[in-house]
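Dear colleague,

I am passing on the structure below, and I would be glad if you could look it over before reading my notes.

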Amino acid sequence: MCLAIPGQLIEIEGMDLFRSGRVSFGGIIREVNLCAVPEAEVGDYLLVHVGMAIGRIDAAEARQVFDYLEKIDQLDELGEEPAALEQAPRTPSMRSGRSGRSGRSGRSGRSGADS
């Protein structure tokens, strides 16, 4: 899953495909590629994914996302899973952080080095 974070464009540099800008993410300033949003102007809120602005959003929507991200951070600080997640069935990948595969090559318990 990909996640784009809203930030406010505070400065623009360059032209056309080489256009970049400084974007504030709640006070954290990052350099962002602006070639996918040529209409972006200083003061606009942009959705940024992996250092590239991929769209513009209005201030109200940006505020809503900031509020949600703040809420998530507060949940993380509690060190507990939300009740809905605690009740959800767990898959092997959720428990171990692995893909659920045993790591075997498909043979009957022997690795390739044993054959």
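This is a predicted model: local features need pLDDT of at least 70, side-chain atom pairs count only at pLDDT 80 or more; totals for chains, interfaces and linings use all residues.

Residues are numbered from 1 along each chain as its sequence is written, and side-chain values use heavy atoms, with hydrogens and water left out.

The largest nonpolar core has 10 residues, namely Leu9, Val23, Phe25, Val32, Leu34, Val37, Ala40, Leu46, Val48 and Ala53; such a core is a set of buried Ala, Val, Leu, Ile, Met, Phe, Trp, Tyr and Cys residues joined through side-chain atoms within 4.5 Å, where buried means under 20% relative accessible area, exposed over 50% and partly exposed in between, with a 1.4 Å probe and protein chains only. At least two residues of this core come from each of E2 and E4, strands being DSSP runs (E, at least two residues) numbered from the N terminus.

Leaving aside residues up to four places away in sequence, Val32 is in contact (heavy atoms within 4.5 Å) with Ser20, Gly21, Val23, Phe25, Val48, Gly51, Met52 and Ala53. Gly51, in the loop between E4 and E5, is partly exposed at 35% relative accessibility.

Asp16 sits in the loop between strand E1 (5-13) and strand E2 (20-25) and is exposed at 64%, whereas Val50 belongs to the loop between strand E4 (45-49) and strand E5 (52-57) and is exposed at 73%.

Best regards

How values were computed
Helices (H or I, at least four residues) and strands (E, at least two) are DSSP runs, numbered from the N terminus.
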